[in-house]
Amino acid sequence: MHDIPFLDLPPLTGASGTVRLPGSKSISNRVLLLAGLASGTTAVHDLLDSDDTRVMLAALATLGCGLQWQGEGRHRVLHLTGLGGRLAVQEADLFLGNAGTAMRPLAAALAVLAATHGGRYTLRGVPRMHERPIGDLVDALRPLGCTVEDLGTPGYPPLRVSGTAGGELATQQPIRVRGDVSSQFLTALLLALPLVSAQRDITIEVEGELISKPYISITLNLLQRFGIAVRQEGWQRFTIPQGSAYRSPGAVHVEGDASSASYFVALGAIAAHGGAPVRIEGVGSDSIQGDIRFVDAAVAMGAQVKSGPGWLEVHRGRWPLAAIDLDCKHIPDAAMTLAVMALYAEGTTRLRGIASWRVKETDRIAAMATELRQVGATVVEGPDFIEVTPPAPGAWRPASIRTYDDHRMAMCLSLAAFNPLAPTGRADAGCPVRILEPRCVGKTFPDYFEALLALVTARNEDIPVICIDGPTASGKGTLAAAVADALGYVLLDSGALYRATGLAAQWDGVADTDEPALARLAGLLDLRFGHGPEGSRAWLRGREVSEQLRTEEAGLRASRISALPAVRHALQDLQLAFRRAPGLVADGRDMGTVIFPAAPLKVYLTASAATRATRRHKQLISKGIPASIDDLRADLEARDARDKNRAVAPLKPAEDAYLLDNSDLSVEDSVQQVLSWWQGRRPFPARS
Ligand SMILES: Nc1ncnc2c1ncn2[C@@H]1O[C@H](COP(=O)(O)OP(=O)(O)OP(=O)(O)O)[C@@H](O)[C@H]1O
Ligand SMILES: Nc1ccn([C@@H]2O[C@H](COP(=O)(O)O)[C@@H](O)[C@H]2O)c(=O)n1
């Protein structure tokens, strides 16, 4: 999860590999509410874990549902015990973030339950949620006898629904609801009204042309699984049969999110040109989600797609892509991805029927137009359409992309980083893209950027490297880790490779002077890095060695064997392999002079020997390891001397390195200094 102010994507050149999609947001939140209202316990498999589902789960827990988790990671299962149609608490204040799929159905369900069983429930969200309309739903609920108070602007959340026990709802006449602003109002009524259908059939009539019909199909499909067989007359009339009651189906599997699949279908269409496809698992030809029809639009633009139950495989077909003119009412969310694919099309792409974009997480038509212009596209927008013409040759620009706290803006616009795929020789090849506030993807796809970065390739020279070299205990490791964290970059602690080689030699009884044997060990080093609750961890040959690697003894052995040319040579490729998108921060002694001599930023970090010895002393004492400052100072000076005077790759500042003496600087000051130097090297224009 990239909880950082921005993520810089280098110009990307290709993509292949497999992505496993997170569960569908639309299905997850509907299943949670249905299971919460039903009697019995439902085992929910493959539930999406995201901001929107977390607010729904928190609301259900507050209302008295039982939530129990079993298993780990992808095998985690939620056992949700429902309320059986009766609320366990009479009052609640529910925070629903920016989740329309939680706000609308919960408002309807709580309104009808409060009106019949009594209670008082407040529903609120983030400021943007308070700008997203709910008036059409409220207008459908009030004539039934539901009490719904506007706590802010009429027609928008926050709301309070209340009532006294024993109330009856006026459900004799068809209930009318508008369908042309958001289909979520109809979904909300379809999910809520089975709770009060004991006496008679309840009919809902849709006013205006219903948009996003596939989402209603998902609602009807899931209602069926929970025991409610709605009778449907076209898209205008829906009848909930008398005596309907929610029953848990026992277990439900949430399929992968088809809207999220759109980014990877587009990725395949744009960038899978090397033989291997982009394979998408979790959604496929058997999907019940309307956004699966995005695949047809992608094919029309040139994608080559194969599919089966639960999977899709996508290659680049036609290139450049073909421009299209499409009514997107049936795929409102995934259609955003087409707007970005249009950057790679020949001609102008026109997407129509997208008025609903204006009332989503942000005004998506305005936002999309503004951000596509940042990369150099020509964009025309109207009340319910957008037209995108790709940048002219030479007109692609490095862009800093705003994301408007909208997950789809962040995910779509990340695909603008493929501009180097333009025919070679064009001056526009190679613009990086900065995604501002990338954490917003947490709404539906918390690991989106990790998933994307695992599939993409970039030219080596386009992947930025920041080198931090310097003497022992100058704070290189601390600084490098903090800079890597701040930028979302990969981290290379090159000293750990020498330390691990020394440890492997100790385990195998190889002498510190046996250069060929040490080089063999270095070349076959089975070393893995990861993260634990206490920071970065390391495993050598499957054994955790994090603490062992950090001992003074390991440092001294590393210092001795690192003077051997064959050992240094054997570790070179391993170090180069750390250079992966989106970028690398590497710390050591020769990062800027030998391993990454063309790195765009090099820092030579120093501090006085006295300061360094004191810091190392503190570090060891805090871990309960006894040490003497004088001995430590003598050791580190001996290591410095050996590192500086060895024949190969001696420790010295690169000619183009910034010198940073942090003797009197805090860690945070040093980090800010390096980030500010880095910012000065980046090509992104400031945004007002
Ligand atoms: N600017 C700073 N101010 C105060 N303490 C610092 C600063 N930078 C690092 N330290 C502290 O100094 C100690 C040594 O830092 P660190 O382990 O990062 O150094 P290093 O250069 O990577 O060492 P080595 O060369 O042995 O790997 C740590 O306890 C760290 O918290
Ligand atoms: N690029 C590097 C990194 C380290 N070394 C040697 O390894 C010793 C341990 O390194 P730490 O940074 O983990 O302390 C160090 O003293 C160097 O001799 C190196 O040569 N090149």
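**Ground rules.** I counted residues from 1 along each chain as its sequence is written, with chains lettered from A and ligands numbered from 1 in the order in which they are written. Since I worked on a predicted model, local features need pLDDT of at least 70 and side-chain atom pairs count only at pLDDT 80 or more, while totals for chains, interfaces and linings use all residues.

**Cores.** I started with nonpolar cores, meaning sets of buried Ala, Val, Leu, Ile, Met, Phe, Trp, Tyr and Cys residues joined through C-beta atoms within 7 Å. For "buried" I need 20 or more other C-beta atoms within 10 Å of a residue's own; exposed is 12 or fewer, partly exposed is in between, and C-beta atoms are placed from the backbone. The largest core holds 84 residues, and Val265, Ala339, Met341 and Leu415 have the most contacts inside it. Helix α7 (258-271) is its top contributor, with ten residues. (Helices are DSSP runs of H or I, at least four residues, and strands runs of E, at least two, numbered from the N terminus.) I found another core apart from this one, with 78 residues, including Leu57 and Ile202.

**Leu415.** Which residues does Leu415 contact, leaving aside neighbours within four places in sequence? I noted Tyr263, Ala266, Leu267, Ile270 and Val340; contact means C-beta atoms, placed from the backbone, within 7 Å.

**Sheet.** Next I traced an open sheet of four strands, in the order β20-β22-β24-β23, with mixed pairing. Strands pair if DSSP finds at least two bridges between them. The edges are β20 (325-327) and β23 (378-381), each pairing on one side only. β23 runs antiparallel to β24 (385-389) over four bridges, and Val380 has Glu387 as its bridge partner in β24. Helix α10 (364-374) packs on the sheet, touching β23 and β24, and its direction makes about 165 degrees with that of β23. I took axes as lines fitted to C-alpha atoms, for helices over the stretch in contact, with angles from 0 to 180 degrees between N-to-C directions.

**Helix α5.** How many residues of α5 (184-192) are buried? I got nine of nine, among them Gln184 and Thr187.

**Ligand 2.** I listed 15 residues around ligand 2 (C-beta atom, placed from the backbone, within 6 Å); Gly495, Ala558, Ser562, Gly588 and Arg589 come nearest. α14 (494-508), α17 (552-561) and α22 (629-645) each give two or more residues, and α14 gives the most, with five. The shell divides into three nonpolar, seven polar and five charged residues.

Technical notes:
Contact = placed C-beta atoms within 7 Å. Nonpolar A, V, L, I, M, F, W, Y, C, P; charged D, E, K, R; others polar.
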